[in-house]
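Please open the structure in the viewer and display the whole chain before making any selection.

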Amino acid sequence: MRRLATVAVAAISSAALLAGCSGGKGSDNSAGTTADAAVKGVVNASTHKGGTITYEMSDAPESFDPGNMYYAYMWNFSRLYARPLTTFSPGAGDKAKLVPDLAESLGKSSDGGKTWTYRIRKGVKFQDGSPVTSADVKYGVERSNFARDVLSLGPNYFQTLLTDNPGKYKGPYKDKSKAGLKSIETPDDRTIVFHLKKPFSEFDYLATVPQTAAVQQAKDKGAEYGKVVQSTGSYKISDYQEGKSVTLVRNPQWSAASDPLRKQYPDKIVVKLKVAQSTIDKDLQSGAADVDLQAKGVDAQTQAQLLTDPQKKAHTDNVYGSRLVYMAMDTKVAPFDNVECRKAVELAVDKKAAQTAMGGPVRGDLASTVMPVDLPDYKKFDPYPQKYDGKNLDLTEAKKHWAKCGAGHVSTTITARGDRQDEVDGATSIVDSLKKIGIDAHIQQYPSGKYFSDYAGVPEFNKKHKVGLMMMQWGSDFPTGYGFLNQIVNGAAISQSGNNNLAELNDPKINKLMDDATGESDPAARTAKYQQADKLTMDQAVYVPLTYFKILSYRSPNLTNVVTTPAYSGQYDYLNLGKK
């Protein structure tokens, strides 16, 4: 559900981060009052400290636990209190660079890319004053990747990459020996070494995931840890009200000397939960709120108001988010266990109608591939071209495939997140399309925070309730074909809860392409494998690409250091936002 567009791999100094940010309170970029200004650079650059930044959200996050989250907005936000080994520096476009965070440098690779070593920065402390050690990082990885019965919501990259047999190790909660994984070594308090089954050239990108944040074993509360996270970042959670609000204040144990990235500008950060999207849009414009935490973009009514008023439009940013909006078909639920039925659906869904329902071209261009257009490994192709007779989609080929699959008239369920009106509207459009070939799809809405843990992301739930179709939006975990594709096309990524491979796609050829790609030392050869995996996935017709997502955000004039980041799906970078 996550990540990036074009990001260069390089280190960056604190001086570079402050370039263009030397103004005092309220200093403005000249570009700050123009549309898309934050797509091109930093708006209202300032080093002023003080004030409160208020975030609002239409639901509640799946968790504040860095080891148990998989929405891009939480990967972005969690960096305020949980430092991963590496991260991305604030910056627009290719100025957002892969940089060391908790680690003092990017990883050192050896053994042909099968061993990666990091050194923890000196002086980093938890909020209780305890020093952060390599053992804390090892524990954080173990709990989040192997205790899947307790923490199921994050990706399982480490589980599939480390040399230990994941079938034998069930995580630290069940590890009676307390020895942990042999494939993660901590030879001293500041050194951590990862031993992989095979070469993995993109490991520095993998180290950006919040699962590499340090966790003290003695203070781990399992599934409840998100309420009592022990901070290693510039802010700490001071108040947690379940489903209502979360407040962060400055972490007194944080030191700029051990953190060249964070600036600790506001005094306080308040997150208000379960606020209607229409209210969020109004609050952003009135100044009652500063940021939409989910970064979904404004709703349809607000969008129309903003784009028709030149003064309001000047405070908007419209950018690709390295995301694909699509509908998944569960290959284990009839009749979508038949590839001919799935191909019929590919050809029957009116993508133009779905695009219009979800907000029009400003919210995304029509899609035909799994990888989004702004991903470096993207290659254009269209295996299911749509033809129109005037405004009407030509269903000739769709009906041929449907007849060939022999399903006749069927009923099924299509899921969508109820707090995402554009997703519900897209599902409604698809329901209308599918009726024309004999499919009666009924929409079932679920909350975002439980969508993967309890509903669409639970294969057994889908089988039991005959959920054949699922609305989905996916963003790259990091800016490569592997970072985008692996969790949604590799059979090894299928989970019994928190599953993102909603189609339950488990094709040996695709699995091998994904497994082999990252061992390639030649970037062009890696790209070719990712593109082939994309093509084979579309041949299987498990996903109906709808749009290459674009986000339309309202940029609060009360904020400083505002910049969209390709590292987190085109959202505003939350790391160093300030308040005028």
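Predicted model: local features only at pLDDT ≥ 70, side-chain atom pairs only at ≥ 80, totals over all residues.

Colour it by secondary structure: the chain comprises 18 helices and 22 strands. Its radius of gyration is 23 Å, close to the 25 Å that the globule rule gives for 580 residues, so the chain is as compact as a globular protein of that length.

Next, colour the residues by burial. Of the 580 residues, 62% count as buried. If contacts are drawn, consider those with a separation of 6 or more: residues 24 or more positions apart account for 73% of them.

The accessible surface amounts to about 20,600 Å², and carbon and sulfur atoms contribute 50% of it. Then select the charged groups: the chain carries 73 positive and 64 negative charges, whose mean positions lie 2 Å apart.

For the last stop, which residues form a disulfide? Select Cys 341 and Cys 405, whose sulfur atoms are 2.2 Å apart. This pair links distant parts of the chain, 64 residues apart: Cys 341 belongs to helix H10 (residues 339–348) and Cys 405 to helix H12 (residues 396–405). Viewed about the S-S bond, the link of Cys 341 and Cys 405 is right-handed, with an angle of 90 degrees. Both Cys 341 and Cys 405 are buried. The structure holds 1 disulfide.

Note on methods. Residues numbered from 1 in each chain as written. Heavy atoms only, no water. Disulfide = S-S within 2.5 Å. Helix = DSSP H or I, 4+ residues; strand = E, 2+ residues; numbered from the N terminus. Buried < 20%, exposed > 50% of the residue type's maximum accessible area, 1.4 Å probe, protein only. Rg over C-alpha atoms; globule rule 2.2 N^0.38 Å. Contact = heavy atoms within 4.5 Å. Areas by Shrake-Rupley, 256 points an atom, 1.4 Å probe, with all protein chains shown as cover. Lys, Arg positive; Asp, Glu negative; His and termini not counted. Charge placed at Lys NZ, Arg CZ, Asp CG, Glu CD.
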